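Please keep the sequence and the structure in view while reading.

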Amino acid sequence: MSKKVEIQVDEKLVKEIALLARLDLTQEETEMFVSQFKDILDYVSVLNEVDTENIPPAYLSSANKGLIREDEIEESVPTKEFLANVPQAKDDYIVIPRVHIEQ
Amino acid sequence: MELHELSIQQAHELLSSRKVSSEEITRAYLERIERLDPQIKSYVTISKDFALEQARESDQRIKSGQGLTPLTGIPYSAKDSISTRGVNTTCSSKILENYKPFYDSTAIKRLKAANAVLLGKNNMDEFGMGSSTENSGFFTTHNPWNFDHVPGGSSGGSAAAVAAGLTPFALGEDTGGSVRMPASFCGVTGLKTTYGRVSRYGLIPLASSFDTIGPMARSVYDVALVLEAIAGHDPKDSTSRIEPVQQYSETLKKSENLHGLRIGIPNEYFVEGLAQDVEFSLRTAIKQIEALGAEVVEVSLPHTQYAIPVYYLILFAEASSNLAKYDGVRFGLSERDGDSLMDVYFKTREAGFGAETKRRIMLGTFALSAGYYDAYYLKAQKVRTLIRQDFQKAFETCDALITPVAPTTAFRIGEKITNPLDMYLSDVFVVAVNLAGIPALSVPCGISNGLPIGMQIMGPPLSEETLLRIGHMYQSQTDWHMKHPPCWND
């Protein structure tokens, strides 16, 4: 049986996760998530009752075993069609703001 | 009989004998959508010009008499998570509001090859996250039976469109009940297919190990016709099953009774919290199925109570990974008013995702993060194994299982939206099927206070033929699937 994990759900934790998830939460959202996280994590902790000693995790969803196919050459998407959905493009390249900022 | 009242089979007969054209049928649906959908709000995109073009092509084909399929010239709609070339595919999210795929999903490609006519795309909970369509980034769909109630979710727009006569059939998508639950709430027939029976290529993913595309229509027979067209292996989806697709509709034509089938009733699905009217309808339906010759026995699925927490933990994790790609760089919304690439990520995702989507991304990121992975994600995957084993054991002695789809009829708009946990619990009878990857059919089996009730028929992997046969025989003896909401005659 896996050991019980004690978690302090507070604004600090929620802000840390938001950073990992690349979400710029408002203060109102942060506060709402703190209270809802507590409820939801409390609810899922019921799984601690289940004895899963020697039970393998159910990772594989596919019933196909060792399925392979020929690596055939196909026509790829025309660049123009692909770029139609790109927010900003120039000369067939995707434009993004600078990655490094001098401090 | 009005054109929108025709079943797929009836429409096919009129089309192939050239008593009516695909353009006439398509125009009749487009006219109904224009007139009735402003109240129901089941469509996010109506592809009118494209539909008429496809309809005329079908009419040409019918004229030439070559390569006719049961779906030639038949209109349909698709959940907005299923990619359609040149037609907006938004997942009802602001982050994909103007996204136009440059390719068709395999399911759509196959319907195109069968000359079916795409009317438009249906509203849903954003990325499939919800049980009511209230989480759509655009608007809430109304239940055609009572506009104050939800249609269920997340394929709520597809179910409402079928129920209101705004399409003869729809493609839905089921990750944790998203075909069956709205089918039950709207009084239509919906099939959650075996994981891998229908290719996921071009389906915008929510939780990749659960997601399945499935048909929603007005009868089991119509569902069977659609399944025949879309099922089968696809080299572009390595998880799609290689087993040949059966001729489901032929089986249905030949079946006369349910002799020789053993059907299990899991105790754990008839518990406290199941509304009396739903239980009464289910018990009545089970008796009718017994009268058709099936043997009915009690069975146990002992880990049922853990299905919801297992489902949601795995869903949070898979969804947060799948939604990492919406970053404002290659497609979709892009907020560019910051100084750096990091600003684009944060501002785009904050502006583009709705509250439930953010909540699930947050919970998934948490469940997968260092220090918590073993306690949440890994634990859930282990209990998932136990839930699968419950089903395997039950199917050693039974051909199918019958349960309710939802514990109640459709709830009111606004009733559960402020309490996410309460909303999650409405999925209590549907999520285990996705954990096990098995098929399940939702069939109308009653009406209470003007709202439909659904019966769920589950079976082992690739048992679609048996499930459809049970549903079809039930529909041959009952007329719940022939009942329509008041707006049907408008």
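Which residue of β3(B) does I46(B) stand opposite? In this predicted model, I46(B) has G120(B) of β3(B) across from it.

## Strand β3 and its two neighbours

The pairing of I46(B) with G120(B) belongs to the contact between strand β1 (residues 43-46) of chain B and β3(B), which are joined in the antiparallel sense by three bridges. Strand β2 (residues 75-79) of chain B, by contrast, runs parallel to β3(B) and is connected to it by five bridges, and here A78(B) has K121(B) as its bridge partner in β3(B). Between β2(B) and β3(B) the chain passes through helix α4 (residues 106-113) of chain B, forming a β-α-β crossover that is right-handed.

Strand β3 (residues 117-122) of chain B is largely enclosed by the rest of the structure, because six of its six residues are buried, a residue being counted as buried when 20 or more other C-beta atoms lie within 10 Å of its own.

## The sheet as a whole

These strands belong to an open sheet of eleven strands in chain B, with mixed pairing and the order β1-β3-β2-β4-β6-β5-β10-β11-β9-β7-β8. From one strand to the next, the twist averages 30°.

Towards the β8 end of this order, strand β7 (residues 262-266) of chain B and strand β9 (residues 400-404) of chain B pair in the parallel sense over two bridges, with I263(B) opposite A400(B) in β9(B). Helix α16 (residues 464-477) of chain B packs on the sheet, where it touches β5 (189-192), β9, β10 (440-448) and β11 (451-458) of chain B, and the direction of α16(B) makes about 20° with that of β10(B).

## A helix pair

Helix α10 (residues 307-322) of chain B packs against helix α12 (residues 355-368) of chain B at an angle of about 100°, their axes lying 7 Å apart. Angles of 65 to 115 degrees count as roughly perpendicular, and α10(B) and α12(B) are therefore described in that way.

On the α10(B) side, the contact is made by L313(B), F316(B), A317(B), A319(B) and S320(B), while the α12(B) side contributes residues including R360(B), I361(B), L363(B) and G364(B). By class, the residues of this contact comprise eight nonpolar, three polar and one charged.

Terms used. Residues are numbered from 1 along each chain as its sequence is written. Chains are lettered from A and ligands numbered from 1 in the order in which they are written. This is a predicted model: local features need pLDDT of at least 70, side-chain atom pairs count only at pLDDT 80 or more; totals for chains, interfaces and linings use all residues. A residue is buried if 20 or more other C-beta atoms lie within 10 Å of its own, exposed if 12 or fewer, and partly exposed in between; C-beta atoms are placed from the backbone. Helices (H or I, at least four residues) and strands (E, at least two) are DSSP runs, numbered from the N terminus. Two strands pair if DSSP finds at least two bridges between them. A crossover is right-handed if, with the strands pointing away from the viewer, the path from the first strand over the helix to the second runs clockwise. Axes are lines fitted to C-alpha atoms, for helices over the stretch in contact, and angles run from 0 to 180 degrees between N-to-C directions. Angles under 35 degrees count as roughly parallel, over 145 as roughly antiparallel, 65 to 115 as roughly perpendicular and the rest as oblique. Two residues are in contact if their C-beta atoms, placed from the backbone, lie within 7 Å. Ala, Val, Leu, Ile, Met, Phe, Trp, Tyr, Cys and Pro count as nonpolar, Asp, Glu, Lys and Arg as charged, and the others, Gly among them, as polar.
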